[in-house]
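Take a walk through this structure, one contact at a time.

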Amino acid sequence: MTLEEFQKDIIQGIPDELPPEPVYDTSVSHAPVRKDILSKEEKKLAIRNALRYFPEKHHKVLAREFADELKRCGRIYMYRYRPAYKMYERSIDEFPHKSRQAAAIMLMISNNLNPAVAQHPHELITYGGNGAVFQNWAQYRLTMKYLSQMTDEQTLVMYSGHPMGLFPSHKDAPRVVVTNGMVIPNYSKPDDYERFNALGVSQYGQMTAGSFMYIGPQGIVHGTTITILNAGRKIEKHGEGLSGKLFVTAGLGGMSGAQPKAGNIAGCITVVAEVNPAAAKKRFSQGWVDELHEDLDELIPRIRKAKAAREVVSLAYLGNVVDLWERLDEENILVDLGSDQTSLHNPWAGGYYPVGYSYDESNEMMAHDPEKFKEEVRKTLRRHVAAVNKHTARGTYFFDYGNAFLLESSRAGADILNEDGSFRYPSYVQDIMGPMCFDYGFGPFRWVCTSSKPEDLETTDNIAARVLEEMSKTAPPEISQQMKDNVKWIREAKQNKLVVGSQARILYADAEGRIKIAAAFNDAIRKGEISAPVVLGRDHHDVSGTDSPFRETSNIYDGSSFTADMAIQNVIGDSFRGATWVSIHNGGGVGWGEVINGGFGMVLDGSQDADRRLKMMLFWDVNNGIARRSWARNDGAMFTADRAMKAEKNLKITMPNLVDDQLLDSLF
């Protein structure tokens, strides 16, 4: 397809004539069949809902087709309308547009659906088993058409993947406002999601999938590296580091695929179990894991050899992690660090697989005998925890990796609770990321070079490194380790070959760092040192973006961890302080109904206007969370809040008065 043909295809939106019948492509990973949850009348409604995108002349053909998709897949994806052109992060100027900001958003959407990046690209799922960009291909086509028409005085409003339309606004307003899964709280259980999604009225946007800010597994590599490094620091006795130490975990799809790469950067031996052959082979072919093993009899000697030689190596095991944990126990192999990053936020629809069944057998059971599948998953979780408990009794440091492992294990009746009802193991946010990073304002800042040129990315890496090195000279002792880790990360980023899809980078930085790096980028764009605009963003998994009692706010102990004021305030505040687009989601990370999270995108184009926006918005985007964490009496956040107020005279944060524990103890 020529560039002109591609642009015409975008501009036309939903074709007036029926595209050719689709051919099912077996070369890509497809979403598992979703459960048959709708009644007969609801199925009619789902088809009626789908047909409203198309003129009546096509209804007879499409009604039968959509009914068949609903029966075969449990969803209506509208495969017929999947574009014929290749989906990837083209240069910004290849997208037809009237607004360059809109063109940047089109690039980000295309990257989220790139088969090299997306988990189930033909079902519009970016990661996490159900993290969707859109519910169907009609929504994609209509959204891209609107973006091609948009001016800088319009805003596109999106309800769970559906483009509600272009509305008049103004240049300082966001170009796009995204909501995903924002259902009434009393209807936020897993089966509610299945029903609403099958009806085509709501979707699970995960975090960066439905907000167009996913950058492949790199998006979590830095945070995973920091987590592993600091987990190692917690268990080391004499500053010996991670050399020769064994980290065991699970998950190679989507975000979890970052684990072996992060383990290599941190300097340990990483063993990752994965049940999906396509996911394991994909990560191996992409170089994210060093070796792929399908037999435990072969893997166990390889682990012993790696420990003896103190290798830095990542090993994938194509099989169930429960078999791996149990065999390591039988072989009396010490596991130093343990976790799990399967998609347990989605336990009944492909996020976690039962032991004793093949991947295909599990998918068949999931679709046709969902109650049996649920029971087998629960049994597996009980075995999983029992095996982990044996290892921790021998000294393994095990932590929940924010995937709802503790929560779902407790619901399955596993031996995961202490006598007082608390979890036996900490969340990694409680022990590591919260007190060491989030409370000090450090979180997953990221950027994308819209030229899609590697040389532009290299320029941004060098700029960011220079900024951080200069900041490190005067950084207070409380954040000196974070600064050192981040300088090392960005200096080694290129050689670690982190790019999959867009020319993007992630870098943990605080508010000061984000603002200074962004301002330096904008200046370089203005001078022509960077050839095209740069998109700024972050993971929702950040200082301010997410209210999640079992992950991001698990180190909030004032009783407010189940409130969602911070995430809502975050997205509202970003929207009027200069974000190019904003998003707010139900469910990202740990499951539908368990979290509210918000994100943003900001286009830097070298203008003075971009300078104004970035300083105003990035300062708020971090310090909103610092204020909340400080009010919860978190030591690091109180330090950071005080430091921020000294740097910005217009900032006045309400600080807590601390109470003597003995006074309270004397009352009861």
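The side chains of D9 and R141 form a salt bridge, with N and O 2.7 Å apart. This pair links distant parts of the chain. D9 sits in helix α1, R141 sits in helix α5, and 132 residues separate them. Keep in mind that the model is a predicted one.

Are these two residues buried or exposed? The cut-off for buried is a relative accessible area under 20%. D9 has a relative accessibility of 12%, so D9 counts as buried. R141 comes to 7%, so R141 counts as buried too.

Now look at the helix that holds D9. Helix α1 spans residues 3-12, and its buried residues are F6, D9 and I10. Why do they lie on the same side of α1? Because they cover an arc of only 100° around the axis. The face turned away from that buried side carries exposed residues, E4 and K8.

What do the buried residues of α1 pack against? Their partners are α4, residues 100-112, and α5, residues 137-149. After α1 comes G13. The phi of G13 is positive, near 70°.

Next, step back to the whole structure. How many salt bridges does a search of it find? The count is 51.

R75 and E194 make a salt bridge, and their closest N and O atoms are 2.6 Å apart. R75 lies in the loop between α3 (59-73) and α4, while E194 lies in helix α6, residues 190-199. The pair therefore ties together parts that are 119 residues apart in sequence. Both R75 and E194 are buried.

Further along the chain, turn to D461 and R505. Their side chains meet in a salt bridge, at 2.9 Å from N to O. D461 belongs to helix α16, residues 454-472, and R505 belongs to strand β13, residues 504-509. So this bridge ties a helix to a strand, across 44 residues of sequence. D461 and R505 are both buried.

Note on methods
Residues are numbered from 1 along each chain as its sequence is written. This is a predicted model: local features need pLDDT of at least 70, side-chain atom pairs count only at pLDDT 80 or more; totals for chains, interfaces and linings use all residues. Side-chain values use heavy atoms; hydrogens and water are left out. Buried means under 20% relative accessible area, exposed over 50%, partly exposed in between (1.4 Å probe, protein chains only). Helices (H or I, at least four residues) and strands (E, at least two) are DSSP runs, numbered from the N terminus. The arc is that of the directions from the helix axis to the C-beta atoms. Contact means heavy atoms within 4.5 Å. A salt bridge is a side-chain nitrogen of Lys or Arg within 4 Å of a carboxyl oxygen of Asp or Glu.
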